Amino acid sequence: MNFKTSQSYRWGLASLLVLGLVFGSRQHAFEGSELLQHRDGQLALYNTHNGEYINIRYCDVHGIWSPDAAQSFNHFLRCHADGGLMPMHPHLLEVIDRIQDHFGPDRVVHVISAYRSPKYNGYLRSVGRGVALHSYHMKGQAMDIRIPGISTRALFEYVKSLGVGGAGCYHGPNFVHVDVGPVRVWGS
Ligand SMILES: [Zn+2]
């Protein structure tokens, strides 16, 4: 490689890096959003189906996500019925983080359901479980959660107060549905 080639090669690499940083941050950070100012960037989750646990610092103080963290969340929040994967919406995880921080940053959020494959969602519909045809769970944009020590009602009221998407209350199985779709509320 002569000097000129080597120089343009280096510039090429540098531009790729800069582009990656710019687009990476646009994709994953919600700068300026009020939400960002009320979360600590660390999230502990427990999967109630398989007993897995993760505790991840997923972004830095500027709100820039670590690519490894996104991958870890995607795997952890896979469809519990068939292992199907979907990129989870970063905004959803930031909302869950904010919920966790509100009730105490040391609390662990228990995940009852996150991503659902179309096959599993179809199965739940076929057995009359009242799930939506185009559920936000199938888009990686919804999670059903509970936080031990916090009542389902208190959790629901807080999620509802955020006004960032869907909030559904399920007293029987004791969980709250959270999604980052349009603002809707159901249950009481
Ligand atoms: Zn749900």
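**Model.** I am working from a predicted model.

**Hairpin.** I began with strands β1 (residues 42–47) and β2. They run antiparallel, and five bridges join them. Five residues separate the two strands in the hairpin. In that turn I checked G51 and found a positive phi of about 75 degrees.

Next I asked how many of the five residues of β2 (residues 53–57) are buried. The number is zero, so β2 lies largely in the open.

**Helix α5.** I moved on to residues 152–162. Which residues of α5 are buried? I noted L155, F156 and V159. I recalled the general rule: an α-helix has 3.6 residues a turn, so residues three or four places apart point the same way.

I then looked up what that face meets. The buried residues of α5 pack against helix α3 (90–103). They also pack against strands β4 (142–146), β5 (166–170) and β6 (175–179). Just after α5 I found G163, with a positive phi of about 60 degrees.

**Loop residue N174.** I looked between β5 and β6, where N174 sits in the loop. N174 is not a glycine, yet its phi is positive, about 55 degrees. I checked its surroundings too. N174 has 13 C-beta neighbours inside 10 Å, so I logged it as partly exposed. The cut-off for exposed is 12 or fewer.

Terms used
Residues numbered from 1 in each chain as written. Predicted model: local features only at pLDDT ≥ 70, side-chain atom pairs only at ≥ 80, totals over all residues. Buried ≥ 20, exposed ≤ 12 C-beta atoms within 10 Å, placed from the backbone. Helix = DSSP H or I, 4+ residues; strand = E, 2+ residues; numbered from the N terminus. Pairing = 2+ DSSP bridges. Contact = placed C-beta atoms within 7 Å.
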